[in-house]
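Keep the structure open as you read.

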Amino acid sequence: MDKREFLKSLIVFIPAGGVIASLAKQAGAKAPEPAYQAKNHYYGMGIEIDKCIGCNRCVEACKLENDVPDEPFYFRTWVERYTIKKDRTVVVETVGLRKGKRKEIVEQEDVLRSFFVPKLCNHCANPPCVQVCPVDATWSTEDGAVIVDKNRCIGCRYCIQACPYGARYLHPKTKTADKCTFCYHRVVKGLLPACVEVCPTQARIFGDLKSQASRLVRFERLNKIHVLKPDLNTQPKVYYAGLDGEVR
Amino acid sequence: MNEDLRERLGEMLEQVTGFIYPNEIEIHWSILIVVYPYLTGLVAGAFILASLVKVFNVEEVRPTYRLSLLTALAFLLIAPLPLQLHLGHPLRSYEIFLTPNLTSAMAMFGFVYAWYLMGVLVLELWFEYRRDLIVWSREEGFPMSLVHRALSLFSADTSDAALAFDRKAIQLITVIGIPSAFLLHGYVGFIFGSVKANPWWGSVLMPIVFLMSAIVSGIALVMFLYMVLTPLRGEPIDMRCLDKLASYLFYAVIVDFSLEALDFIHRLYQSEESIHILGTLIASKLFMSLLVIQIFLGMLLPVGIMIAVRLFSLTAELRKLFYFTAIILIQLGIFATRWNVVIGGQLFSKSFRGLTTYKMEVAGIEGLITALVLLALPFGVLLVLLKVLPPWRKAAA
Amino acid sequence: MKVPEQIKRLAVVIFVIVAAVLVTRYLIPASVVDQRVYRAASVQREVSREIKFAGATTCGDCHDDINTKKKLGFHKNLSCETCHGPSVKHAEDPSSGKPFAPRERKFCPQCHEYNPSRPTGFPQIIPTIHNPLKPCITCHNPHDPVPPQVPRECSACHAQIERTKALSRHALLECTTCHSTPTRHKLLPRSVKPTKPENREFCAKCHDKGAPRKEAPKVDAATHGGRFLCWECHYPHMPGEA
């Protein structure tokens, strides 16, 4: 190679070198450390059936915190009341659904056992709702919450059909799918979800499954845990202690 | 909140029997989502009928070949409309193509639909009509000559070699087209059949049953159109064609009925937990639409009619009357089938403890009137197609 | 090989369609198609939602005196906002107004009204007969809700058992007949518990052949029921049924 060709080849290296240098600089300069790292957390909820008194404060708090419509057709969380009679028939109703009108009065002597079951989105680890969303508007975050992007949702309602737990509804104003988010806007700031915050008997336990010291992990250690509809393999992350076999 | 919606939901809440999850009070997939699989089913069925001619060389039904393709096209063009009207945000529906979730049957269906429309139906129509379009455009005046030349993509080759190529291309497309048609409507069945949360929908048989009932309704529709259009053109009905169509319809109904009977027997025998609420559902909410309309009027009676036609040698006039009656009953039955799947699947609670009601609006974007208009629109489109691409017009050689 | 004219025509159409798709795709901004971008934006929107409930720890920052009182009483596990409602605005700017303070009778029964589905031991009253017309806070300080008198009846907290027993053959038996209850149980219900009978001989005291109580049905305590304890079959609060 003669001098002329050598110099010509150098010319290529100068801009190339410049590009490589700037790329290296970008890679080296890190963005400022964000305060909250999603990958350090993995959220779940525990519910102790024997503590729930069915006061419905969790439902009211959730509606206030998350701007859920007031009407009794839309719930991010709700409480069911089970009454198993001595003839083994089961009466179920949603607490507070029909204000003032009790659905069915079961006579004291007919009752075998009776209890309340709070329900909410289970933030499944294998969520069927995420699987079926056509436009990728609902998905699981790294820290274990399943959320809906209401700017992307087209309102096809496939996710609502796919949820085995009835946790989703179509928001009448935004016309997008909506559901419990574990109060994601609260938990990333170290607060508790609204329902957990106001529960008077601590029937709801929110926790970080990745944490070393977590109320939820203790809950899992001390109780026999059940989840709803385990045969559907949705791997729910809402764990129930004392869940009766009649609960669907 | 919309006053009308609040009132309707409030009324429905009063009529719930047993227990439903509180969010289940709203029936999410309305009559529009009943119309949609009905329309796509007709597409698949009409195409399968067309493929009988080209792949299986059933010459008797050739008079309906082009009609079947045009029918499939007309219905395929209108099929996305009920979906769009039903969405909460129809203007965002392009997201299905831009950022599809690959695990979603609904998203993948968008691509299947696009493939079937462009890669199968339109392509086959083009190859079928190409030569005729060229010939017609030479004999016509403005504007039709320009329309036809444009539709032929300004093609000019009418040599025998080109025609042979056309025929081979159609064969190839139809061979690919049959599984594509299966995929098109099977996918709609899969959208329901893959929902494990709903035991009325979630079944391996669902795509198959959807497809067979689609074939039944498609053949019946083409028969109907043939029987109506031919006298309007002043031509006699080709009874050989009609009888052949009727026999294929008969086979399809037998297979469809067997599959649905299998589903029923299988459910009863397995007796899973959901059998109780589903039994109550059929006996109470779906009694009319399932037992009376879908099974008795929509399947048993037409099968009886067609057996009668085969057993007794009847005059052509009588056969036409019987066929026409059977066809109308079948269409009613298949529409009821779609209703029973879509609406029926939402009338019972996923807690298996209660039933709710569906209050269909009359007016309103998801109301009865919209549904009827959507059912009528494809016929309007078909009329236009029949004018632009007449199936039976003889072209001078 | 000569390319058929049809293929040439179709190729043009296909090319136009593919080109249109590619150009459109290229023109679309990343925020619409890049998953990381739009998901991050969505999380951002979610995280910036307005907070309505301040959380119990926030209230204690200013209201330490109430906190100190509350954390020893029966309401120690209640968050302030359970009763006072969402109060973040007050927490950020106390001068902006006070949170709701429940003072009417109809507030407390939401938790404390008798309901047979509530777990046993949870204090429940029947609002229509429990000091009617008086606001609850007249006698019960909500931040340390000790009842003004020690409850006389077990039914103050064990209403469901009491009501079941009242319809049974043991209706006229006091709870203390079978459960010896230290007085401190009424102050520290979870730590100091009443006793429960421990052996067959206890029930045999009334129900064995030859035992005093005339109206109690008699069985041969030595053989009846094999080796099992009486209450494994007979529900003591509604005996006569298994």
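## Salt bridges and interfaces

Count the salt bridges over all chains of the whole structure and you get 34. Keep in mind that this is a predicted model. Side chains of opposite charge can pair when their charged atoms come close.

Start inside chain A, with Arg76(A) and Asp178(A), whose side chains meet in a salt bridge at 2.9 Å, N to O. Arg76(A) sits in the loop between α2 and β2 of chain A and Asp178(A) in strand β8 (residues 177-178), so this pair ties together parts that are 102 residues apart in sequence. Are the two partners buried or exposed? Both Arg76(A) and Asp178(A) are buried.

Now hop over to chain B. Here Lys244(B) and Glu60(B) pair up through their side chains, with 3.9 Å from N to O. The cut-off for a salt bridge is within 4 Å, so this pair still counts. How does the exposure look here? Lys244(B) is partly exposed, at 26% relative accessible area, and Glu60(B) is partly exposed too, at 24%.

Stay on helix α10 of chain B for another pair. Asp243(B) forms a salt bridge with Arg319(B), and their closest N and O atoms are 2.8 Å apart. This pair links distant parts of the chain, with Asp243(B) in helix α10 and Arg319(B) in helix α13 (residues 316-342) of chain B, 76 residues apart. Buried means under 20% relative accessible area. Arg319(B), at 16%, therefore counts as buried, whereas Asp243(B), at 25%, is partly exposed.

Chain B also has a network of salt bridges, which links Lys54(B), Arg66(B), Glu128(B), Arg131(B) and Asp132(B).

While you're in chain B, have a look at helix α3 (residues 65-78). Its 14 residues should span 20 Å at 1.5 Å a residue, and the C-alpha atoms at its ends are 21 Å apart, which agrees. How many of the residues of α3(B) are buried? The count is 13 of the 14, so this helix is largely enclosed by the rest of the structure.

Next, the interface between chain A and chain B. The contact takes in 56 residues from chain A and 45 from chain B. Between them, the two chains bury about 4,200 Å², with 52% of that on carbon and sulfur atoms. Which residues of chain A lose the most area to chain B? They are Phe73(A), Tyr158(A) and Gln161(A), together 19% of what that side buries.

Chain A and chain B share 5 salt bridges, and Arg157(A) and Glu26(B) meet in a salt bridge through their side chains at 3.3 Å, N to O. Residue pairs in polar contact between these chains number 28. On the side of chain A that touches chain B, the elements giving two or more residues are β2, β3 (90-94), α3 (128-132), α4 (158-162) and β7 (169-170) of chain A. Sorted by class, that side has 29 nonpolar, 10 polar and 17 charged residues.

Finally, turn to chain C. It is in contact with chain A through 40 of its own residues and 45 residues of chain A. About 3,700 Å² is buried between chain A and chain C, 50% of it on carbon and sulfur atoms. On the chain A side, Ile53(A), Arg57(A) and Gln108(A) lose the most area to chain C, together 18% of what that side buries.

Across this interface there are 4 salt bridges, and the side chains of Arg39(C) and Asp136(A) meet in a salt bridge at 2.9 Å, N to O. The polar contacts between chain A and chain C come to 23 residue pairs. Elements of chain A that each supply at least two residues to this side include α2 (57-66), β2 (77-85) and β4 (111-120). α2(A) gives the largest share, 6 residues. By class, the side of chain A that touches chain C has 17 nonpolar, 11 polar and 17 charged residues.

Key
Residues numbered from 1 in each chain as written. Chains lettered and ligands numbered in written order. Predicted model: local features only at pLDDT ≥ 70, side-chain atom pairs only at ≥ 80, totals over all residues. Heavy atoms only, no water. Contact = heavy atoms within 4.5 Å. Buried area = accessible area lost by both parts, 1.4 Å probe. Polar contact = N/O pair within 3.5 Å; in protein donor to acceptor, adjacent residues only side chain to side chain. Helix = DSSP H or I, 4+ residues; strand = E, 2+ residues; numbered from the N terminus. Nonpolar A, V, L, I, M, F, W, Y, C, P; charged D, E, K, R; others polar. Expected span 1.5 Å × (residues − 1). Buried < 20%, exposed > 50% of the residue type's maximum accessible area, 1.4 Å probe, protein only.
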